[in-house]
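Subject: Structure handover

Hello,

Here is the structure for you to look through. My notes on it follow below.

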Amino acid sequence: MFTLAVSGMEASLSRRIREAADSYHGFLLDLVHEAQEEERRRIARELHDRIGHGISVAHQQLALSEAYRASDAARASAKITVVQQAILETMENLRQLTSELHPQTPVRSLEKSLMSFLEAVETDEVSVALDVSGDETWAEPHVLDESFLILREAVRNALTHGSPRIVLVRVNIAPHELSASVQDNGRGFDPAAVRGRGVGMTSMRERAELLDGRVVVSSEPEQGCLVELFVPFKRQSRGRRDA
């Protein structure tokens, strides 16, 4: 009886060990799968926001150069210069991405980066304006970097899909939070009808979530669009960072 009892205990223990091992193996597989999915989403964001943006700018400026070629040769030549810069930037971003390095050096000045981008995309048909207030040293470099990409994508979406005449970009940096908005007077849309369909919109929301922030989109057909970004600063980030 004692031998039978010991054998039964051994069998039960072995079964439980196997079940635990199988469960842990499944847990590890789930972690690996989750990491792979997150990496795929990250690569999709980087390709869309960095590589896709450069190609889009180059295409737009080429079209403008062709339009100005007959009437304003100097302006057409200036657009070609922008195309060359966009292609060089795209090539550099692609090299960095494929080398598994950080895809872009951190933004040193959010205001200057936004101003440079807006100057590149402004046309005679669209007026763009930028208003930045607050002290950028309250924000960590990676917050400025991701915020720039989010705002840039919001402007690009407005110009590509909204056909606006005016685009206003506002940024306010306080000791506890970065808040920003991109507002246009374009054709607008129904946010519920496009939820989950656009890579750009998904990318903006995912980048905001990485900062523990959020993106809010408000729009109605023929009423323009408002994209708002809110990023709270962590406790240790509320002090000024080194300039």
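Which residue forms a salt bridge with R207? The partner is E146, and the closest N and O atoms are 2.7 Å apart. A salt bridge here is a side-chain nitrogen of Lys or Arg within 4 Å of a carboxyl oxygen of Asp or Glu. The two residues sit in distant parts of the chain, 61 residues apart: E146 belongs to helix α4 (residues 141–162) and R207 to helix α6 (residues 199–210). Helices (H or I, at least four residues) and strands (E, at least two) are DSSP runs, numbered from the N terminus. Both E146 and R207 are buried. Buried means under 20% relative accessible area, exposed over 50%, and partly exposed in between, with a 1.4 Å probe and protein chains only.

Before going on, some ground rules. This is a predicted model, in which local features need pLDDT of at least 70 and side-chain atom pairs count only at pLDDT 80 or more, while totals for chains, interfaces and linings use all residues. Residues are numbered from 1 along each chain as its sequence is written, and side-chain values use heavy atoms, leaving out hydrogens and water.

By the salt-bridge rule, the count is four. Another one of them joins R156 and E153, with the closest N and O atoms 3.2 Å apart. Both residues lie in helix α4, three residues apart, or about one turn of the helix. R156 counts as buried at 16% relative accessibility, and E153 does too, at 4%.

R69 and E66 also meet in a salt bridge, at 2.8 Å from N to O. Here R69 is exposed, with a relative accessible area of 56%, and E66 is partly exposed, at 47%.

Now the nonpolar cores. A nonpolar core is a set of buried Ala, Val, Leu, Ile, Met, Phe, Trp, Tyr and Cys residues joined through side-chain atoms within 4.5 Å. The largest has 37 residues, and V171, L178, V215 and L229 have the most contacts inside it. Among the elements that each supply at least two residues of this core are α3 (110–121), β1 (127–134) and β5 (225–232). Helix α4 gives the largest share, eight residues.

What does L178 touch, leaving aside its neighbours within four places in sequence? Its contacts (heavy atoms within 4.5 Å) include L110, V143, L144, L229 and F230.

Regards
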